[in-house]
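Trainee: Hey, I've got a new structure to look at. Can you walk me through it?

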Amino acid sequence: MRKNKSPLKRWMPPAFLDFCRLCSFRAIKLSGHYENWDDAMAQCKGYDQSIIFEKTLASALQVKNGNKPFERDSVLFDRIVYSWPILASLNWAAAQDSGKLRVLDFGGALGTSYFQNKKFIDHLSEVCWHIVEQSKLAELGNEHLKDNFLSFSSNIEDGFRFSSPNFVLLSSVLQYIDDPFDVIANLANRDVSVIALDRTPFLNEDQKTFIQKQSVPSQIYSASYPCYLFNENEIISAFTKYGYQLVESFHSLDKLSTKATWKGMIFKKTS
């Protein structure tokens with residue numbers, strides 16, 4: 001059977017193969033209902049960080065070296081899957097600052113969003129893309145992927161000192177942090193022109209924020225960990241209290257739960 005896989009892949013259109021890869025993300029399951037992070041964590045088995053780091057690095061290098069155009073959560077694709085509202089907001093932020101784009105990408109892995117949008121931001125007069133990640137990922141990023149435009153650190157303070165960002169990106173990250181509102185406060189209590197969220201799960205307006213257990217299928221990597229599902233108004237209020245206005249919201253690609261809708265939001269600093 002193994003010998004038949006390569007010929008099959010050769011005649012399958014890339015769009016179909018990418019559809020199959022997207023289906024593997026939709027196989028992610030969310031279950032349970034927890035009021036606090038510790039209770040949810042007690043029901044999760046966690047994940048093998050070393051395996052995830054190795055897979056993420058290998059996939060990121062495939063993209064950096066031009067062998068594949070796109071990766072997301074270590075899964076490789078044969079075409080770039082764009083978030084067009086995020087790309088538009090990146091260029092919008094640069095247009096307000098003489099063509100300069102300085103991004104602090106919080107939880108940006110090993111450059112997924114940077115490589116995803118690279119060909120559309122290369123024309124700008126200045127690009128600085130700084131990723132704040134777990135210390136091991138930041139170390140791997142600086143060792144294997146750092147260049148004149150892309151760099152890594154393991155805390156927000158260093159990220160702001162290094163990049164003086166005019167754009168903060170939070171893509172598929174807030175829901176996996178035990179204190180997301182503290183992170184929002186840390187980032188929003190600064191003079192950053194634009195803050196954008198993407199791939200974040202939101203509940204109906206009348207539902208309170210709660211936590212579920214997220215289980216990842218083995219074809220991506222075997223893991224389970226807590227995941228917040230947010231009340232939309234709570235997130236908006238967390239930004240508006242620091243002088244940000246919601247400019248636009250949009251649906252993201254992910255549809256992992258019937259309880260929540262995966263969306264993005266773009267905030268502009270107004271005061």
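Predicted model: local features only at pLDDT ≥ 70, side-chain atom pairs only at ≥ 80, totals over all residues.

Trainee: OK, how many bridges join strand 5 to strand 8?

Mentor: Three, and strand 5 (residues 100-106) runs parallel to strand 8. V103 sits opposite F167 in strand 8. Helices (H or I, at least four residues) and strands (E, at least two) are DSSP runs, numbered from the N terminus.

Trainee: And how many bridges between strand 8 and strand 9?

Mentor: Five, again in the parallel sense. There, V168 faces I195 in strand 9.

Trainee: Why is strand 8 largely enclosed by the rest of the structure?

Mentor: Because five of its five residues (167-171) are buried, meaning under 20% relative accessible area with a 1.4 Å probe, protein chains only. F167, L169 and S171 cover one side, V168 and L170 the other.

Trainee: Switching topic, where is T209?

Mentor: In the loop between strand 9 (194-203) and strand 10 (210-216). T209 is buried too, at 15% relative accessible area.

Trainee: Which side chain does the T209 side chain make a polar contact with?

Mentor: That of E234, at 2.9 Å. A polar contact is a pair of N or O atoms within 3.5 Å; within protein, one must be able to donate a hydrogen and the other to accept it, and residues adjacent in sequence count only if both atoms are side-chain atoms.

Notes. Residues numbered from 1 in each chain as written. Heavy atoms only, no water. Buried < 20%, exposed > 50% of the residue type's maximum accessible area, 1.4 Å probe, protein only. Pairing = 2+ DSSP bridges.
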